[in-house]
Amino acid sequence: MGPITTIQANDFRRQWDDLRDDALAAFEKVGASGWYVLGEEVRGFEEELAALWGFPFTTGVASGMDAIEISLRALGCGPGDRVLTTPISAFATTLAIVKLGAVPVFVDTDDQGLINLERCGDLLRRRRDIRFFVPVHLYGFALDRGGLSRLRDEHELLMVEDCAQSIAAVGEVAATSFYPTKNLGAMGDGGAILSRDAGFDARVRALRDYGQTAKYRHDFIGYNSRLDELQAAYLRRACLPRLERWTTRRREIAAAYLAGIKNPAVRLPSPPKGSEPSWHLFPVWTDRRLRDSRFGIHYPIAIPDQKALDGVPFEAPGGYENARRLCASEVSLPIHPYLDDGEVAEVIAAVDSL
Ligand SMILES: Cc1ncc(COP(=O)(O)O)c(C=O)c1O
């Protein structure tokens, strides 16, 4: 896919041109407030995100990875606990588990790169010791909601849904990321935990702030993982008002790719039926020869194959051959909301000319 030289996987300069005035006004607001940590902007953003996403509670944290780790901690996950998860995701998903001393149990993916829920069910029927589950709504494709709920209820799982790439999950606990490339991206790091249980949310709030339950009263060994006030102001005042438009544009581009790309050597994504993907990424799968690309690859190495896990306890009871195959063949086409129609046509032509 060499011929495309000017199209960016993400175009933050165009984004800045569009939202500059709102961003500067947001920063001005924080500066003038004189309150720089856990102030009005974090509180307001948490409320607005909760309302948008349909969760009663939202707590901002420092990153998507922290959102997963803190959620698991607040559910009681600790050393030696088994956590079912996927071999294809950002490494951060597994890192959050491993940092707690818990043991990831990888289950292979389907042909879209999403964890295979049937295989999860088979494993859980054999293994009564797995109590936690971190499914990932990868690429912006929502995992089957009914399937997830059945697994949770049948096996009494405590579930943290990794929604870093998907802003559409509706479960019990959703952990998300505001890394700049995300559909709702900050100008730095950030994350949030959305939930339905007041007690859980209170633990999460304490954990993000040194385990404090009241000023100078520490009931838990917590973290310093607060969503930054400036990032919250930016997300709230510059990004949230544009999110619907951005998502619409991502969907338009995905529709154009799905209708336009005809190359039989390229397998296009087919998200789960009935889902409305938020198209964080547009993955295609093609053979290695065609992977000479300046575009992203998500992800080139299956998580259990990462060097960092050498000597770290994990399990992969049924193997992860499918995940390995996908990792060897995935390419992400550009799908950011500032891509224009000419560029979309250019991408289609380039893929078809391979
Ligand atoms: C699926 C997934 N999980 C977790 C993360 C971690 O988020 P963060 O980079 O905000 O820590 C990311 C993003 O990098 C991600 O894409």
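I am working on a predicted model: local features need pLDDT of at least 70, side-chain atom pairs count only at pLDDT 80 or more, and totals for chains, interfaces and linings use all residues. Residues are numbered from 1 along each chain as its sequence is written, and side-chain values use heavy atoms, with hydrogens and water left out.

**Entry 1: domains.** I looked up the domain assignment (bounds from an automatic or database source). It gives domain 1 (13–237) and domain 2 (242–352). Their C-alpha centres lie 22 Å apart.

**Entry 2: contact and area.** I find 41 residues of domain 1 in contact (heavy atoms within 4.5 Å) with 46 residues of domain 2. I read the buried area, meaning accessible area (1.4 Å probe) that two parts lose on being put together, summed over both. For this pair of domains it is about 3600 Å², and carbon and sulfur atoms give 58% of that. Phe 106, Tyr 139 and Asn 183 supply 20% of the area that domain 1 buries against domain 2, more than any other three residues.

Entry 3: I count 6 salt bridges across the interface (side-chain nitrogen of Lys or Arg within 4 Å of a carboxyl oxygen of Asp or Glu) between domain 1 and domain 2. I also checked Asp 18: it forms a salt bridge with Arg 245, with the closest N and O atoms 3.9 Å apart.
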